[in-house]
Amino acid sequence: MLDLIHTLFSQLVTAGWLPEMFSYGFLINAFLATLMIGPLLGALGTLVVVKRLAFLSEAVGHSALTGVSIGILLGEPISAPWISLFAFSILFAMTLQWVKGRTAVPYDALIGVFLSFALAVGAALLMFVAKQVNAHLVEQVLFGSILTANEQDIVILAVMFMLTLGLALRFSNKAFLAALSPEITQSLRVKTKLHDYVFVLLIALMTVAAVKIIGAVLVGALLLIPAASARLLATNLQTMLLWSILIATSSALAGVLLPMYLQWAVPTGPAIILCACLWFIVAITRFSLSKAAVR
Amino acid sequence: MNIPVSAKAITQKETTTPHIAFDKVSVKVNQSVLLSDVTLTIDPGTWVGVVGPNGGGKSTLIKALLGIVPHRGTISYTWPGKHKGNIGYVPQLAPFESTLPVTVLDYLRMVLEDRPVWWRHKPNQRILQGMENFDIRDFADKRLGTLSTGERQRVLICGALLQSPDVLLLDEPLAGVDKSGQQRLLEIMKQYHAQGNTIIMVEHHWHIVEQYCQRAALIDGTLVAVDTPQKVLLSLQEHADPLTLSYRQ
């Protein structure tokens, strides 16, 4: 399937329909990965914003750094330490959710403690990792790279895409309702605790799946900035979701393709987030102007 | 204003409303006892006013009834048929952010539909009819957080009643609502109750409990009294305790 897509791209390049850069296999992989990362993070981000869990997405993103370090130390391939990455991020997110239900500490403070812990462990382990591998590879983990996306990553993202779409089709209404009023949702006999666990699990899985393109430091930002911008532009929940998906996908595509096209030596993560920030500036300007017009 | 009457409400209501029983129910949260040893039965089709001082455990009683706070003792719903019916719930002054783009229509679709709110734009006929009946169609596209208290309560009650509940639990539904708004809400509840449904309503205004409820349950950390509103009031006057009586003002 992937070979077919690569062949198709080659033909389009040969026919002059696509720029020369699409003759590189790694760029096609990054392009395909981005087409899935954008909608997924954009859609999940709306729930992150409605639930006020921006800090959680940051924390889970940063925990990926620790997962990568553990993976490399345990001898996993440097370009794909998937087992440790998935295992640590899921463990991190699930433990956080479990502790939340068993302590009186406010959730934001609890996330702060977990974030600090994950960062401290990650930073300490990175020192060891840096001695074993090329420091440039560590940089790729932190800020993402278009060079690293391979077939396996595309398959993982495709599975995540289908899983999230399936869950969203069946449960998104009650998930949004639980974000607005957990009590009303519970009165409908919906298991809101289970919803919360699944949501946090999805955040962890998506973060890990996107970390190679966007990087551990900035992956949480693509969950947050498009949805925060969409909140300013939207008139209802449907348009908020559509705006968020549009902003996340366009930012991800621009962040991957523009530096390559213009031959700028900018990692994909920062490029994607800068594009998303431009959207945020547009959204906040439009919101301020419309507010001023009402006055 | 007519509340939507489903076929179920007309034909089966007498047989679907449950008998509710509290048996020595206590609620303890973070080492403090919010409710202790409540034993109470509520017959099908009764409108119960739950009264008592602030912090006395009225809302806790409702939440225990919903099963959203852990409790000791037993709360049982005895449903006449094989299947459990629905319970409608309107929480106390539910706050919604004014900048959050969640409209009245979004909210009703989230409550009533399984099909994603982002998937199909046209709402189902039941929601449209419900909005018409509750006189909220004009602000279907307004954000929840920008509604007045009365409008918001009407939306929440509409959402609760469109599920055709057999029991409606209301936690201070009239708080912050102006006089005309209160009248509208009470009229909705009266019609709903007239169909043979049970209402359990936390209420601070004694005259409303006296006028509308068949029974009053006085809660002050425990069940102090339960009877007709007039008899509960009388027993209060006989055992005049200024702290307990203060809520009557």
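Two strands are taken to pair if DSSP finds at least two bridges between them. In this predicted model, strand 3 (residues 47–51) and strand 7 (residues 198–202) of chain B are joined by four bridges and run parallel. Within this pair, Val48(B) stands opposite Ile200(B), the latter lying in strand 7 of chain B.

## The sheet of chain B

These two strands belong to an open sheet of six strands in chain B, whose order is 5-6-7-3-8-9 and whose pairing is mixed. Strand 5 and strand 9 (223–227) of chain B stand at the edges with a single partner strand each, so one side of each is left without a neighbour in the sheet. From one strand to the next, the twist averages 15 degrees.

| Helix of chain B | Strands of chain B | Angle |
|---|---|---|
| Helix 6 (residues 149–161) | touches strand 5 and strand 6 (167–171) | about 170 degrees to strand 5 |
| Helix 7 (residues 179–194) | lies across strand 3, strand 6 and strand 7 | about 150 degrees to strand 7 |

## The interface with chain A

Turning to the partner chain, 35 residues of chain B are in contact with 26 residues of chain A. The area buried between chain B and chain A is about 2,900 Å², with carbon and sulfur atoms giving 58% of it. On the chain B side, Pro101(B), Met110(B) and Trp118(B) lose the most area to chain A, and together they account for 24% of what that side buries.

The rule for salt bridges finds four across the interface of chain B and chain A. Arg52(A) forms a salt bridge with Glu97(B), in which the closest N and O atoms are 3.1 Å apart.

Helix 3 (58–66), strand 5 (87–90) and helix 4 (104–112) of chain B are the elements that give two or more residues to the side touching chain A. Of these, helix 4 of chain B supplies the largest share, with six residues. By class, the side of chain B that touches chain A comprises 20 nonpolar, six polar and nine charged residues.

Strand 5 of chain B links the two parts of this account, being an edge strand of the sheet and one of the elements that contribute to the side touching chain A.

Definitions and conventions
Residues are numbered from 1 along each chain as its sequence is written. Chains are lettered from A and ligands numbered from 1 in the order in which they are written. This is a predicted model: local features need pLDDT of at least 70, side-chain atom pairs count only at pLDDT 80 or more; totals for chains, interfaces and linings use all residues. Side-chain values use heavy atoms; hydrogens and water are left out. Contact means heavy atoms within 4.5 Å. Buried area is the accessible area (1.4 Å probe) that two parts lose on being put together, summed over both. A salt bridge is a side-chain nitrogen of Lys or Arg within 4 Å of a carboxyl oxygen of Asp or Glu. Ala, Val, Leu, Ile, Met, Phe, Trp, Tyr, Cys and Pro count as nonpolar, Asp, Glu, Lys and Arg as charged, and the others, Gly among them, as polar. Axes are lines fitted to C-alpha atoms, for helices over the stretch in contact, and angles run from 0 to 180 degrees between N-to-C directions.
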